[in-house]
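User: I have a structure open and would like to go through a few of its features. Can we take them one at a time?

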Amino acid sequence: MEETSREAVATAVQRVAGMLQRSDQLDKVEQYRRREARKKASVEARLKAAIQSQLDGVRTGLTQLHSALLDVKDIQGSLIDVSKDWRQSINTIESLKDVKDAVVQHSQLASAVENLKNIFSVPEIVAETQQLIEQAELLQAHRKLMELECSRDDLMYEQYRMDSKNTSDMNLISIYFENVQGLSDELAKQLWMVLQRSMVTVRRDPTMLVSVVRIIEREEKIDRRMVDRKKQTGFIPPGRPKRWKDKMFEVLEGTVSTRIEGTQAVTRETDKMWLVRLLEITRKYVLDDLIVVKNLMVQCFPPHYNTFNRFFCLYHNAVSTRVKELASEDLEANEIVSLLTWVLNTYKSVEMMGHPELCSECDINQLEPLLPQDVVEDLLSKYVKTFTSNITGWLRKALETDKKDWQKETEPEADQDGFYQTTLPAIVFQMFEQNLQVAAQIDGDFKEQVLKLCLKQMNTFLIRYREEVVTYKEEHLRDRQLPQCYVQYMIAIINNCQTFNESINSLKRKYSQSSEPTESDATIERTLNEVAKEGCQFLLDEVFLDLEHHLSELLTRKWLTGSHAVDTICVTVEDYFNDFNKIKKPFNQEMTSEALRRVVVEYIKAVMQKRITFKTADERREGAERMIKEADQFKFLFRKLAAGEDTDWLCGAITAIAEVFKLTDPTLLFLEVTTLVSKYPDIREEHIQALLAVRGDASREMRQMIIGTLTENKVSYSSVAQPIFKDITVPTITMTTMTSMATAKLLK
């Protein structure tokens with residue numbers, strides 16, 4: 001206590017010291033004293049109030065404890081009195097056993113008296129109930145049945161209570177009420193019949209369905225009551241529990257299954273579209289029925305039945321079972337596609353389970369898949385196998401049909417731009433398009449798989465196509481009169497390659513998720529280019545077969561004296577290229593350039609074959625001028641045909657050779673040859689020798705000097721885009737040829 005006082009004094013001193021740190025604060029001492037006095041009075045008042053409150057609580061608690069002690073003593077005394085009374089009444093209870101038995105017997109007799117009227121009227125009630133059932137008055141029939149069952153059950157229960165081991169009396173009651181169970185079974189049959197036709201009944205007479213549900217609900221309540229009584233007494237009437245509610249759901253499930261299974265009206269033998277029809281009928285039935293359930297049937301069942309979701313699951317399970325049965329059958333490729341498209345797309349779409357009227361009541365995403373994934377994969381694998389076999393056959397037939405068209409005496413059809421074409425690309429890609437559209441409906445990954453398969457088959461098909469084109473050309477060469485439209489159909493084949501390429505790119509853009517080119521794409525494009533270029537080559541071969549005779553006249557004595565070979569060549573080429581204009585780009589441009597190159601090469605070959613040797617300066621001049629004129633003819637023709645930028649350069653080779661022949665001063669021959677070599681560096685030594693031999697006035701020493709100088713200053717021609725002289729060979733003079741020439745000279 002003293003320590004507390006000292007701490008208080010120290011605290012007060014410290015507080016006063018804090019207040020009076022400046023001299024001007026001394027004037028406020030009285031103010032500080034009054035403020036502290038007020039605080040002290042306030043604290044003392046609160047302390048007194050708290051102490052008083054605690055004292056009042058303690059006083060109240062003591063009073064209550066005293067009252068509780070008195071109550072406990074009173075209860076203890078009462079228990080002692082009760083114990084005394086109970087011991088004294090044991091003998092009295094044992095003496096009342098007869099009274100107890102009398103009470104039980106009285107209860108049974110009272111029950112018998114109460115049901116006596118019903119007992120005597122049982123046959124009459126049975127007959128009435130039977131009549132009501134036949135008249136479909138189900139509620140009234142059930143009320144009568146309940147009366148009969150109640151009488152029977154009460155009598156049996158009383159008999160059980162009186163003597164549970166007395167089976168003879170129990171059997172007597174059972175025999176007397178034996179028709180009751182038959183009525184119950186008959187009524188149940190009527191209920192199940194109504195439930196089996198529930199979709200029709202709910203539209204025509206929903207009250208009938210409501211009555212059935214009410215009867216079943218009553219029976220469920222009776223079942224629960226009897227089961228509870230069995231737990232207490234061990235007695236349960238015969239036929240209980242009936243479990244009509246469970247039976248109702250079984251009947252509804254069977255009805256739904258029968259509804260789904262009964263949708264197949266036709267078979268494959270009678271209708272090729274049987275599966276499509278079956279699936280469409282199933283879709284319509286399921287959708288219509290579920291809408292009826294939502295709008296009408298839900299109102300006929302109690303809310304806790306969760307009627308719509310229950311029917312939704314029943315239909316889903318029934319459809320799943322049916323679809324699995326269909327999947328296990330030996331389906332054709334188009335049937336597999338129809339089934340998978342329906343299962344994976346149509347089923348959950350707005351056309352069926354995802355219909356707007358149904359979405360508000362259920363979540364289709366919670367539904368289990370109609371088919372297990374392994375079954376789907378097996379079907380896809382089977383489809384791919386069948387599709388591969390089918391498409392091989394389709395392509396073979398399409399090619400055979402196209403080959404027959406090649407033999408026709410009429411020209412092939414032309415597209416809107418006037419280019420010749422056959423129906424082969426359209427047929428092939430229509431097949432591909434149809435199958436890819438189907439695959440796209442099934443699954444994105446499967447669509448990619450089918451696209452790759454189509455491209456793979458396309459690659460194999462193009463190899464066969466190329467072989468058939470070569471065979472077509474070879475057969476034509478055996479008899480060039482047949483087929484009559486060989487050129488036109490070869491043009492169509494070239495255009496088909498371009499159409500194939502465009503169609504493949506279109507399919508990839510439309511159905512492939514990847515834009516990256518694959519090895520298969522490169523192979524197909526390479527094969528198409530090869531077929532098209534070979535076709536162009538075959539057409540040029542056809543042209544030059546017709547020009548062969550006229551080309552053989554070039555640079556001969558006949559040519560020098562006035563041949564019309566070049567005129568005929570130009571007319572023939574122009575005539576052919578009127579048809580070649582119906583070749584699509586870029587092959588028409590490439591073909592024109594190649595035709596010009598081949599004409600120039602054949603012309604130069606005629607020079608190199610030394611068919612003529614100019615004897616005089618006039619012959620050289622006349623021949624050179626003729627060559628220059630004919631080079632201008634070629635230039636004019638191929639400019640008209642749009643042969644490209646190399647026209648002047650190619651035709652210039654003929655002009656440059658003509659300048660070598662035209663030169664009158666032999667001493668300048670080296671300079672002219674040098675100019676020729678500088679323009680066309682791929683010219684070889686034997687070409688120069690052949691030119692000098694045709695010129696006819698170059699001495700052996702001059703030829704050796706020119707050849708030697710050019711050999712020392714040889715120019716590389718690797719940079720030349722299209723070398724002219726590279727593939728031109730100069731005939732060599734054999735010993736036999738030299739002997740013949742010498743003999744001819746001697747004879748001359």
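This is a predicted model: local features need pLDDT of at least 70, side-chain atom pairs count only at pLDDT 80 or more; totals for chains, interfaces and linings use all residues.

User: Start with α15 and α16. At what angle do they pack?

Analyst: Helix α15, residues 373–406, packs against helix α16, residues 424–442, at an angle of about 165°. Their axes are 9 Å apart.

User: Parallel or antiparallel, then?

Analyst: Roughly antiparallel, because the angle between α15 and α16 is about 165° and angles over 145 degrees count that way.

User: And is the crossing left-handed or right-handed?

Analyst: The crossing of α15 and α16 is right-handed.

User: Which residues make that contact?

Analyst: On the α15 side they are L380, Y383, F387, I391, W394, L395, A398, L399 and D402. On the α16 side they are L424, I427, V428, M431, F432, N435 and I442.

User: How do those divide into nonpolar, polar and charged?

Analyst: The contact of α15 with α16 has 14 nonpolar residues, one polar and one charged.

User: What about α13 and α16, how do their axes cross?

Analyst: The axes of α13, residues 333–346, and α16 cross at roughly 35° and come within 8 Å. From α13 the contact takes V337, L340, T341, L344 and N345. From α16 it takes V438, Q441 and I442. I442 of α16 is also listed in the contact with α15.

User: What classes are in the contact of α13 with α16?

Analyst: Five of its residues are nonpolar and three are polar, with no charged residues.

User: One more pair: α17 and α19. How far apart are the axes?

Analyst: The axes of α17 and α19, residues 519–551, are 9 Å apart, and the two helices pack at an angle of about 10°. That makes α17 roughly parallel to α19.

User: Which residues are involved there?

Analyst: Among them are L455, M458, R466, K473 and L477 of α17 and D521, I524, E534, F538 and L545 of α19. The residues of this contact divide into 13 nonpolar, five polar and six charged.

User: Different topic. How many cavities of 30 Å³ or more are there?

Analyst: A search of the whole structure finds one. The largest cavity holds about 30 Å³ of space.

User: What lines the largest cavity?

Analyst: Its lining is L278, L279, T282, V319, R322, V323, L326 and W342. By class, that is six nonpolar, one polar and one charged.

User: Which helices give two or more residues to that lining?

Analyst: Those are α11 (274–295) and α12 (307–327). The most comes from α12, with four residues.

User: Now the backbone. Which peptide bonds are cis?

Analyst: The bond from R240 to P241 is cis, with omega near -5°. The bond from L482 to P483 is also cis, with omega near -15°.

User: Where are P241 and P483?

Analyst: P241 sits in the loop between α9 (206–233) and α10 (244–261). P483 sits in the loop between α17 (444–478) and α18 (486–511).

User: What is phi at A136?

Analyst: Phi of A136 is near 65°, a positive value in a residue other than glycine. A136 lies in the loop between α4 (122–134) and α5 (138–162).

Terms used: Residues are numbered from 1 along each chain as its sequence is written. Side-chain values use heavy atoms; hydrogens and water are left out. Axes are lines fitted to C-alpha atoms, for helices over the stretch in contact, and angles run from 0 to 180 degrees between N-to-C directions. Angles under 35 degrees count as roughly parallel, over 145 as roughly antiparallel, 65 to 115 as roughly perpendicular and the rest as oblique. A crossing is left-handed if the near helix is turned anticlockwise from the far one by less than a right angle, and right-handed if clockwise. Contact means heavy atoms within 4.5 Å. Ala, Val, Leu, Ile, Met, Phe, Trp, Tyr, Cys and Pro count as nonpolar, Asp, Glu, Lys and Arg as charged, and the others, Gly among them, as polar. On a 1 Å grid over the protein atoms alone, a cavity is a set of points where a 1.4 Å probe fits but cannot get out, and a pocket is an open set with protein on both sides within 12 Å along at least five of seven lines; lining residues have an atom within 4 Å of a point. Grid points are joined across faces, edges and corners, and a volume is the space filled by probe spheres set on the points.
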